[in-house]
Amino acid sequence: RRAIDQAAVAPNAPKDRIKKLTKSYRDKRLCCGKRRGRLPSACNQKSWPGAKETLGLLPLGGVLGFFGDSIMWQASRAFAIDAAASGFKIIEMRQYSGPLNLSNPEDGQGANGREGLEQGSWRRESIKFQKQEHEWILDYYAISALGGKGRLMSDLVRHALDRSDLVTLNAGLHYHANPKGRATVDTLRVDLLAAAKELAEFNVRSDVLRARRAAVFVETTPQHFASRDRSGDFDRRSGGDKKKNKSSFRCPSSVLKRALANNWRNDVMHEVAKVTKNVPVVPVFEDLVGSNAFHNDGDLDCTHWCMEPKIWAPRIGRMYLVFKDILDGRNLTTAQHLSW
């Protein structure tokens, strides 16, 4: 936060937008204060490559895209914090939205309003960095549970890819195991297949052109709700959360074996990536299974994460390693199957 408040903000940056940006870092939903608990097992590595190294993979003026739900939005903010701490100045922050030219207007139903999407529309939050007179852009696109509207997913992803160089995508959080719901296992598969097709075409085209562009899936992070099977999944929670006192509420630990057994969102993602080919997956789920102490439990929220650097460092580092492997060798097959 100190980096954002001081060194990261250029003197000529729009003060109202920067003020709004820094305020969001202080918000209790993002900053949980000092926590005691188990950090990701991946933090055993002494240091991870971060935003500085990732931006170094981009061409000058390049665009890094985060596509997905609110966890991806948090990841984009964590990346911005890390970039600021590495000496990149934030010179601009803007929000955009607009109509989407759908392939089939009748297929534009069911976008998740909580993520800022309305029927046939898109929303983007853009942060511009500067260092030594060079500029880079970080874009977050709101893409969430679209309820099996594959063509809408294709249009959203294609629209975002058109102005991006390196891309990470995850939209699995708001799909649920409950078969009565609108966004379920089957609709997740439909939407991810549509997204994977666009990402794969983007990767193959970049591979042929030897361009420094690539797109990857990122696993959905674990939840830590109280559940009878100790998987932590929201759909399997034991209930009663709303009756608990916020001051005493805690997100309980989960059991790795049971969490993995109920890791169906990522199972679907890996299945889709394997079928589609040419779409690597960045693994993050297992890193965070034991990190139940780093949720926003003051809001009875066992889904979103504190903006603790050590929580996000492995995620940013793994993303960098996958991108670097692709760009260094343009080897999508190797990147897809390596376990980072």
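These notebook entries record what I looked up on cavities and helix packing in a predicted model.

**Basis.** I number residues from 1 along each chain as its sequence is written, and I use heavy atoms for side-chain values, with hydrogens and water left out. Since the model is predicted, local features need pLDDT of at least 70 and side-chain atom pairs count only at pLDDT 80 or more, while totals for chains, interfaces and linings use all residues.

**Entry 1, cavities.** A cavity here is a set of points, on a 1 Å grid over the protein atoms alone, where a 1.4 Å probe fits but cannot get out; lining residues have an atom within 4 Å of a point. Grid points are joined across faces, edges and corners, and a volume is the space filled by probe spheres set on the points.

**Entry 2, the largest cavity.** I noted about 100 Å³ of space in the largest cavity. Its lining comprises 14 residues, and those nearest the centre are Asp 233, Asn 262, Asn 263, Arg 265 and Phe 285. I counted 4 nonpolar, 8 polar and 2 charged residues in this lining (Ala, Val, Leu, Ile, Met, Phe, Trp, Tyr, Cys and Pro count as nonpolar, Asp, Glu, Lys and Arg as charged, and the others, Gly among them, as polar). Helix H8, residues 264-276, gives the most to the lining, with 3 residues. Helices are DSSP runs (H or I, at least four residues), numbered from the N terminus.

The lining consists of Phe 66, Met 72, Ala 75, Thr 168, Val 218, Val 282, Arg 315, Ile 316 and Met 319. By class I found 7 nonpolar, 1 polar and 1 charged residues. Helices H4 (70-85) and H10 (309-329) each supply at least two lining residues, and H10 gives the most, with 3.

Axes are lines fitted to C-alpha atoms, for helices over the stretch in contact, and angles run from 0 to 180 degrees between N-to-C directions. In contact (heavy atoms within 4.5 Å), Ile 71, Met 72, Gln 74, Ala 75, Ala 78, Phe 79 and Asp 82 of H4 meet Trp 312, Arg 315, Ile 316 and Met 319 of H10. I classed these as 8 nonpolar, 1 polar and 2 charged.

I found that the axes of H6 and H8 come within 9 Å and cross at roughly 40°. The two helices are therefore oblique to each other. The crossing is right-handed (the near helix is turned clockwise from the far one by less than a right angle). Among the contact residues I listed Leu 188, Arg 189 and Leu 192 of H6, and Trp 264, Arg 265 and Val 268 of H8. The contact has 10 nonpolar, 1 polar and 4 charged residues.

Terms used. 1 Å grid on protein atoms, 1.4 Å probe; cavity = no way out; pocket = protein on both sides within 12 Å on 5 of 7 lines; lining within 4 Å. Parallel < 35°, antiparallel > 145°, perpendicular 65-115°, else oblique.
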